[in-house]
Amino acid sequence: MPQGVEHQQLYLDNAATSFPKPEAVYQAMDAFARTSLANPGRAGHKMALASERILDDARHLLNQLFHGKDPERFVFTLNCTDALNMAFKGVLTEGDHVITTDLEHNSVSRPLRAMELAGRISLTRIPSDSGGTIDPDAILKAITRETQLIALTHASNVLGTIQPILEVGRIAREHDLLFLVDAAQTAGVVPIDIQSMYIDLLAFPGHKSLLGPTGTGVLYAGPRARIQPWREGGTGGDSSSETQPCDLPYSLEGGTPNVLGVAGLAAGIRYVQERGMQAIHEHEVDLIERLWRRLDELPGYQVFGHRDRSRRVATLSLKSEMLSAAEVGGILDQSFDIAVRPGLHCAPYIHRALGTFPDGTVRVSPGPFSTTEDIDRLATALAEIAL
Ligand SMILES: Cc1ncc(COP(=O)(O)O)c(C=O)c1O
């Protein structure tokens with residue numbers, strides 16, 4: 001339980017945002033807010049420079065963690081949705097063809113669909129197999145002369161299934177296409193190597209497995225992607241130019257950035273580095289496997305997605321044969337004080353494919369601080385609900 005809190009709901013909704021954060025994140029934000037929370041600026045006073053340094057340090061940490069080309073290519077955004085919109089609206093032009101999948105979150109599906117409906121782009125949506133994995137060969141076959149971009153989630157936020165991004169990245173590079181990876185469910189818990197995985201655009205939130213606060217997200221803009229800014233304004237640097245500067249990250253960061261959030265994000269990244277991404281992943285997947293074993297013995301529940309722990313993150317979707325997902329979620333919340341996420345999880349296409357549309361499923365997502373006792377408490381509650 002976070003320090004200073006008397007009652008805390010059992011939180012198993014880390015796929016939405018992680019909670020609690022490591023103690024170091026709260027401390028870093030508190031200390032920064034009390035001493036240096038000035039508007040960052042390269043040519044400013046000491047406090048402005050201290051604030052700018054927070055952003056620089058975080059970019060270096062990100063570049064190290066994800067093996068980018070250089071720290072300046074990491075652009076701070078509001079969240080993953082903001083980063084994805086910045087990428088799609090900044091790189092796609094009239095007549096482009098985009099390949100995407102039925103696993104995507106609405107933050108990918110909706111901007112692309114809106115551009116398709118406006119007649120600006122054409123779109124191919126590749127279905128996943130029954131276990132929730134995309135076949136790279138299906139992507140290869142969908143490439144046309146107009147294809148400009150492949151947009152793929154690294155892991156499904158409904159099923160937790162990890163996608164073969166290295167294979168898809170290789171296909172994209174061989175065909176001179178841009179490759180965008182939505183790492184909302186993997187950044188901080190599954191290793192990502194931008195360069196060796198042929199990633200041109202990497203969008204991720206700071207507030208999920210990187211353990212930063214809400215209001216943080218990042219877009220990595222690789223050298224093969226030319227991104228037109230869609231938000232122009234002050235950058236804290238050269239004010240004499242009439243138009244937005246062209247250099248990254250400032251070209252895409254108009255306005256005062258969430259430097260307080262980034263101070264927390266940097267502490268979250270350091271926590272992940274110290275505990276180790278693999279150790280966190282193992283811990284979380286162990287918990288999911290424990291829950292799955294309990295569900296194996298419980299009649300009345302169906303679990304979705306493949307069970308190969310080496311190809312999944314700690315997100316599990318289940319469905320009661322008797323009650324709707326909303327009812328199970330509501331009972332867990334109201335009667336057992338357990339927070340899970342029922343519904344469509346902003347991913348309607350995969351729910352249609354699973355046959356769980358429009359009711360959806362109950363999504364359980366433990367985090368780095370969840371325990372075996374938490375999982376046992378959930379399993380006992382599910383058993384009582386099934387009676
Ligand atoms: C796969 C995926 N993409 C994108 C997003 C959007 O992230 P954010 O809430 O940071 O905008 C989410 C959020 O759950 C997600 O799971």
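Predicted model: local features only at pLDDT ≥ 70, side-chain atom pairs only at ≥ 80, totals over all residues.
Residues are numbered from 1 along each chain as its sequence is written, and side-chain values use heavy atoms, with hydrogens and water left out. Local features need pLDDT of at least 70 and side-chain atom pairs count only at pLDDT 80 or more, whereas totals for chains, interfaces and linings use all residues.

Helices H9 (residues 325-336) and H11 (residues 372-386) pack with their axes 11 Å apart, at an angle of about 115 degrees. Helices are DSSP runs of H or I of at least four residues, and strands are runs of E of at least two, numbered from the N terminus. Axes are lines fitted to C-alpha atoms, for helices over the stretch in contact, and angles run from 0 to 180 degrees between N-to-C directions. H9 and H11 are therefore roughly perpendicular (65 to 115 degrees). From H9, Val328, Ile331, Leu332 and Phe336 meet Arg377, Leu378, Ala381, Leu382, Glu384 and Ile385 of H11; contact means heavy atoms within 4.5 Å. Eight of these contact residues are nonpolar, none is polar and two are charged. Ala, Val, Leu, Ile, Met, Phe, Trp, Tyr, Cys and Pro count as nonpolar, Asp, Glu, Lys and Arg as charged, and the others, Gly among them, as polar.

Ser51 lies in helix H2 (residues 46-66). Ser51 is buried, at 0% relative accessible area (buried means under 20%, with a 1.4 Å probe and protein chains only). Beyond neighbours within four places in sequence, Ser51 contacts Phe32, Ser36, Ala38, Asn39, Pro40 and Val259.

Strand S2 (residues 74-77) is covered on both faces. Phe74 and Phe76 are buried on one side, Val75 and Thr77 on the other. S2 pairs with strand S8 (residues 217-221) in the antiparallel sense over four bridges; pairing requires at least two DSSP bridges. Tyr220 in S8 stands opposite Phe74.

Note on methods: Parallel < 35°, antiparallel > 145°, perpendicular 65-115°, else oblique. Buried < 20%, exposed > 50% of the residue type's maximum accessible area, 1.4 Å probe, protein only.
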